[in-house]
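Dear colleague,

I am passing on the structure we spoke about, with a short account of what was found in it. Please keep it open beside this message as you read.

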Amino acid sequence: MTKKLFFLILLVVAVSTFAFAIPKVNVAVSSDTATVTTKLYEYSVDLKSGFLTNEYSVFYENVHAWSNTGDGLVLSYNGKPLIPTSWSFDNHEKKNFQTVSNVTINFFYDVNGQSVEKSITFVNNPNYEVMVSVKAPDNLQLGLTFPTLESNFNRDGGSVFGSFYSQKGIVTFSSITNGTFNGSGEATFSGNLTSKIYMGPVKNTLIFSVFPNQQNIISQFIGTYPGSEPWYSWFMYIFVVFLNWLYDLTGNYGWAIILFGIIIRVVLYPLFHVQMKSMLKMRDLQPKIQELQKKYKDPKKVQEEQMKLFKSEGVNPAGGCLPLLIQFPVLALLYYVIFYSREVFAYNPQFLIWNDLSVGGISVNILLLLLIVVFTVWSSLWTSTKPSQVWLAAGMSAVMEFIFIGFPVGLFLYYTTFSGMQVLTSYVAAKIYHMKGITWREVFGMNPKVQWGDKKWKKNSKQKV
């Protein structure tokens, strides 16, 4: 039986690691426009002019991030825009289609009898990546404009260009392998050109995945964009990198999140231990505190006597709050780490019953919500002295989780893991400090379970006979 269970667990792990659910790219083609929609963004391309016209951030409620103002990958010669003679898709006909692969639109030009080709590739990955290439004779000097956002935030670094949209927190970076940028985002070059574009939120892990060799100059650009990153971002990225390392180890962000939650809970256990120890001391002093409240009617006198009692017993009344106050900002930061990683969750292999760890809502989170409530009740059994406390904990947990039901599955999975570890750490603390707590039967108002051989059970049996 043990071997069968072990192999079943291995099978579940294998299936959830290698079962892929890659998001599809939708391409809608009209007489003069192609609209390419990935999981993250939507680009419109004017097929007659060969220009990008609009970009929307699909992942963040269809925010209109950019519109063409002469910077939509306009190919020019002698300062004049070139108009393509024809266009085509790679591996697809000129009509609507869906694919899980990248989508490439090719534009063909005639420049003084010489052939020029511009290709725009919309990459189906979590990095908001677009690739552009131009094939042209070496004797032709051409210009190509790249997306800009706010002119006062344009940054030029030779082969790298950046711009920032301060109101929406969006950044665009472009790199080229041939030629140079000017301060307005136009690259001049001769011959062939390859380039990459990133247009999305300021997330270093995504940006540096597109530009691994330009990290220093891009970091300098970001440093000049006010409010582009929170002050604690340097600390947050440590955990983001750690979560990505766990993904590399497991091959699935579902398992990576679970390991992440377990490790964080183990690291924070000393603080929980101090909090639990202080809570138990306070609970032991409750009878004495109640005697003081009965003995003295003046609230100030009661407070003075309580402080004397705490001092004589070596109890710090704030001892249970301080560890919690230390844990809270850490936990808040970790929640943000999980929320930060939504893009990569969207491209994660299927995990158990969840195809997409980046989405939220009742239908996908209800199972995890119920597990969190059960774990909350379970862990509170050892610390509660009466059923009403358990029901209060369950009610507060259910209400709080339901408020955030629209959050990503990945965040709920993390909190479920954290709650499950809470059960384990509460059990360990109960064993160490011999905490009695209450039972499940008491929570539901049932009499204690009668065991075989119990004297009371024997007495009742004799009476029946």
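Predicted model: local features only at pLDDT ≥ 70, side-chain atom pairs only at ≥ 80, totals over all residues.

Residues are numbered from 1 along each chain as its sequence is written, and side-chain values use heavy atoms, with hydrogens and water left out.

Helices (H or I, at least four residues) and strands (E, at least two) are DSSP runs, numbered from the N terminus. Eight strands make up an open sheet with antiparallel pairing, in the order β8-β10-β11-β12-β19-β16-β15-β14, where two strands pair if DSSP finds at least two bridges between them. At its edges are β8 (86–89) and β14, each of which pairs on one side only. Between β15 and β16 the antiparallel pairing extends over six bridges, and Phe 164 has Val 171 in β16 as its bridge partner.

Helix α3 lies across β14, β15 and β16 and runs at about 25 degrees to β15; axes here are lines fitted to C-alpha atoms, for helices over the stretch in contact, and angles run from 0 to 180 degrees between N-to-C directions. The buried residues of α3 (residues 215–223) are Ile 218, Phe 221 and Ile 222, buried meaning under 20% relative accessible area, exposed over 50% and partly exposed in between (1.4 Å probe, protein chains only). Because these residues cover an arc of only 95 degrees around the axis, they are on the same side of α3, the arc being that of the directions from the helix axis to the C-beta atoms. Asn 216, Gln 220 and Gly 223, on the other side of α3, are exposed. The cover over the buried residues of α3 includes β14 (155–156), β15 (160–165), β16 (170–176) and α2 (204–210), with contact meaning heavy atoms within 4.5 Å.

Helix α4 (residues 233–250) has 18 residues and reaches 25 Å from its first C-alpha to its last, close to the 26 Å expected at 1.5 Å a residue, the expected span being 1.5 Å times one less than the number of residues. Just after α4, Gly 251 takes a positive phi of about 85 degrees.

Finally, Leu 413 is found in helix α12 (residues 409–433) and is buried, with a relative accessible area of 6%. Not counting residues up to four places away in sequence, Leu 413 touches Gly 254, Ile 257, Ile 258, Phe 351 and Leu 368.
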